[in-house]
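Please keep the sequence and the model open beside the text.

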Amino acid sequence: MQKMTVTDPNGKIVALPEAYNDLTGKALERAIKDFEYDLMEEHLAPYIVDMTKELPEQHPLISIDGSCVCSRGNISAIVGEAKSKKTFLTSALVASAMAIPSRLINNFKNVDKDMNINVLWVDTEQGERHVRKVVERISEMTGAKLGGAVAEPRLTTLMLRELEPAQRYKIMVDTIYHYPLPFDLIVIDGIADLQRNTNDLEESDALVGALMALSTKIDAHIICVLHTNPGSDKARGHLGSSLQRKAESVLFVHRAEDCSIVEPQYCRNEPFERFAFNISEEGIPQLCDLPTQGTTVGDEVVEILTNAFGGVVERAVLVKKLVSQRGLNHSTAQMRIHRLIDKGVLIAKDNLVCLPTVQLPQSMPEAMPEPTPEPTSEPTPQPIYGTSLDLFPEPPF
């Protein structure tokens, strides 16, 4: 007797248990429906949130001033214009997180330490000489060379410049799954080189989706380094847009005088305060003062509010002024103002923001009422899809 079969939710043919051969009519129909229901339940189970399950405490792989930037099972992006020192910044963040505690090592003091990190560095665009410089820099900043090692043993580096985009991705994935030790952090320096066209929407979404799935499956974090559009803080192409939507953190780095400024462009966790770094004579990234004429982050907002607006102005106007005069992006400027309001440095009322010493009016003047339009002979617009002329009308089904 030929076995009865059904198709599971993945399109696979599944044979029914032999006991079903003894059933007929409605009893068989009910049994088949129950079997299909069980297959569907099994198919959906991994994706349904179980609130009774206890999750382990989030352990940041990289955090700046206590703010989590990179955690397991997520992706992030470091974006900036060409020659803005994106690779220097990425290597400094990774090395500072991995560094052994020592006063002899000059790394980023605002990055919290985790010496148990194993890193895979994937370079898609530089030649061997420059890739080796990155490895040497990281080895110097982690303290590996201080201990006599030729290179940092917790760092594995791939150089994929000569390969096709699909080959680059395959070599990276093969390394991740077949290397003896699991990687905690993966850096893709030149994420755009894993696809042929960064403006291809379908290809970009597929790549970002694949990286998200990979980070979840291997319980690691993937940092993607990408250029911005010239003169802009927007990551390049559809790939950049997709990364900005899906990333746990997006760090924006840009040049200012003789240093580079790092800002939290988008953060799902508490954003860190922006900071600056320059390159030492030995070629090592080092923290430096922000080029703000000696003012602190809070002081520069207060300074502009005082000198440009007399201590009170609409919040939107202050945001635009910070963007144009201090080189901040829009979201960072809003964050600065919000933090100062929380600290009591500034006071907000309605759409205004001011210094505590400025007396705001108790009530804003009421707007003049709109004049009543004269009746016309034009017909009244008819409802669309059962509603009035809504911005988002309901569909007719």
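## Salt bridges

E152 is buried, and R154 is buried too, where buried means under 20% relative accessible area, exposed over 50% and partly exposed in between, with a 1.4 Å probe and protein chains only. This is a predicted model, in which local features need pLDDT of at least 70 and side-chain atom pairs count only at pLDDT 80 or more, while totals for chains, interfaces and linings use all residues. Residues are numbered from 1 along each chain as its sequence is written, and side-chain values use heavy atoms, with hydrogens and water left out. E152 and R154 form a salt bridge whose closest N and O atoms are 2.7 Å apart, a salt bridge being a side-chain nitrogen of Lys or Arg within 4 Å of a carboxyl oxygen of Asp or Glu. The structure holds seven salt bridges.

A second pair joins the side chains of E164 and R196 in a salt bridge, at 2.5 Å from N to O. This pair links distant parts of the chain, 32 residues apart, with E164 in the loop between β7 (155-159) and α4 (165-178) and R196 in the loop between β8 (185-189) and α5; helices (H or I, at least four residues) and strands (E, at least two) are DSSP runs, numbered from the N terminus. E164 counts as partly exposed because its relative accessibility is 40%, whereas R196, with a relative accessible area of 65%, is exposed. E263 and R274 form another salt bridge, with the closest N and O atoms 3.7 Å apart. Because E263 lies in strand β11 (residues 259-267) and R274 in the loop between β11 and β12 (275-279), the pair ties together parts that are 11 residues apart in sequence. E263 counts as buried at 0% relative accessibility, and R274 likewise counts as buried at 5%.

## Packing of α5 and α6

The axes of helix α5 (residues 201-217) and helix α6 (residues 237-246) come within 8 Å and cross at roughly 35°; axes here are lines fitted to C-alpha atoms, for helices over the stretch in contact, and angles run from 0 to 180 degrees between N-to-C directions. The crossing of α5 past α6 is right-handed, a term used if the near helix is turned clockwise from the far one by less than a right angle, and left-handed if anticlockwise.

On the α5 side, L201, S204, D205, L207, V208 and M212 take part, and they meet H238, L239, S242, L243, R245 and K246 in α6, contact meaning heavy atoms within 4.5 Å. By class, this contact has six nonpolar, three polar and three charged residues, where Ala, Val, Leu, Ile, Met, Phe, Trp, Tyr, Cys and Pro count as nonpolar, Asp, Glu, Lys and Arg as charged, and the others, Gly among them, as polar.

## Nonpolar cores

The largest nonpolar core has 35 residues, and those with the most contacts inside it are I62, L89 and L93; such a core is a set of buried Ala, Val, Leu, Ile, Met, Phe, Trp, Tyr and Cys residues joined through side-chain atoms within 4.5 Å. Helix α2 (residues 86-98) gives the most to this core, with eight residues. Leaving aside residues up to four places away in sequence, L93 touches I62, I64, I78, F108, V111 and L251. Another core, of 28 residues, lies apart from it and has I188, L207, L243 and F252 among its members. In soluble globular proteins, nonpolar side chains tend to be buried together.

S76 lies in strand β5 and counts as buried, at 2% relative accessibility. Beyond residues up to four places away in sequence, S76 touches C70, H221, I222, I223, C224, A247, E248 and S249.

K83 is placed in the loop between β5 (74-80) and α2, and its phi is near 65°, a positive value in a residue other than glycine. K85 lies in the loop between β5 and α2 as well and, although not a glycine, has a positive phi of about 80°. K83 counts as exposed at 74% relative accessibility, while K85 counts as partly exposed at 26%.

## The chain as a whole

The chain has nine helices and 16 strands, and 42% of its 397 residues count as buried. Among contacts between residues at least 6 apart in sequence, 59% join residues at least 24 apart.
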